[in-house]
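Here is a short briefing on one protein model.

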Amino acid sequence: MLIRLASPRGFCAGVERAIEIVERALERFGAPIYVRHEVVHNRTVVEGLRAKGVVFVDEVGEVPDGSVVIFSAHGVSRAVQAEANARNVQVFDATCPLVAKVHNEVERSERHGREIVLIGHSGHPEVEGTLGHYDPTDGGAIYLVEDETQAAHLEVRNPEELSVVTQTTLSMDDTAAILAKLEDRFPAISRPRSDDICYATQNRQDAVRELAAESEVVVVVGSRNSSNSNRLRELAERLGARAYLIDDEDDLDRAWLEGVNAVGVTSGASAPEACVEAVVSRLEAWGGALALDQPDRPELVEFSMPKGLR
Ligand code: SF4
């Protein structure tokens, strides 16, 4: 059985920056450090940080006065920013700059009196944060659309002054179909200048496409609440592979690999490479051999640290 590794895979620049922010804050201020929401959606990362003294909270109100609090990579609404600013706490914002770019697009549209359609998954923290960067009190509106059916039935107040933004970690294919439906219904709708689906999501989906073409089984290393990891598993399955999302090597099931000639391995943008290595070791122990012809496609994106942690 050949083991094929996707490239690129694993940590993106936004996740690396968010974890680095928490680690530098721990070094500089000592435990406990409070993080609003899981800093990135990965069980191994969260458990590792918790062991070092990070306390994960749902709301800023749970954080004691005088503490250091960090916003997760998914971003927060303006109301959460305001709540933290009104408290006696020191805030570091680990919002990925590519999510912050979408927040800026939403705010710009609001200032220009435009309504917004946000394509994304209801309840995801990034979507809640992005919705919370639009203030509807001036009579405008932001509409969440999750799929083509909702796009087909969406009613807006002013179709001539309408913009669209998306969650950063969506399926490129599904989003293209929803955008096409929206453009069909609202021909004047304005798209962002550059795609909101981030480079890391796009690159990992392109890589899993190749993997699924040459592997009967695709294993995606990532947590169940990781949006981009779920999209990788769905895409591999849509392309005909049997695909599984696992946190670590202990989630592997030998029965998945019976009679399989090639297994592909990839990982979501929040999954540590150490988890991938452990999965590959387990597959090797079960008779797999790492393919040596895999391309290496390094990503050169880097984001700087916020002031106070440089
Ligand atoms: Fe940023 Fe994309 Fe990584 Fe999310 S997946 S943290 S948007 S680079």
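An open sheet of five strands has the order 10-9-11-1-12, with parallel pairing. Strand 10 (242-246) and strand 12 (289-290) stand at the edges with a single partner strand each, so one side of each has no neighbour in the sheet. Helices (H or I, at least four residues) and strands (E, at least two) are DSSP runs, numbered from the N terminus. Two strands pair if DSSP finds at least two bridges between them.

This is a predicted model: local features need pLDDT of at least 70, side-chain atom pairs count only at pLDDT 80 or more, and totals for chains, interfaces and linings use all residues. Residues are numbered from 1 along each chain as its sequence is written, and side-chain values use heavy atoms, leaving out hydrogens and water.

**Sheet**
- Strands of a sheet pair through backbone hydrogen bonds.
- Strand 9 (residues 217-221) and strand 11 (residues 262-267) run parallel, joined by five bridges.
- Val217 stands opposite Val263 in strand 11.

**Backbone**
- Most residues other than glycine have a negative phi, and most peptide bonds are trans.
- The bond from Ser7 to Pro8 is cis, with omega near 0 degrees, and Pro8 is in the loop between strand 1 and helix 1.
- Ala31 and Pro32 are also joined by a cis peptide bond, with omega about -5 degrees.
- His37 is not a glycine, yet has a positive phi of about 75 degrees.
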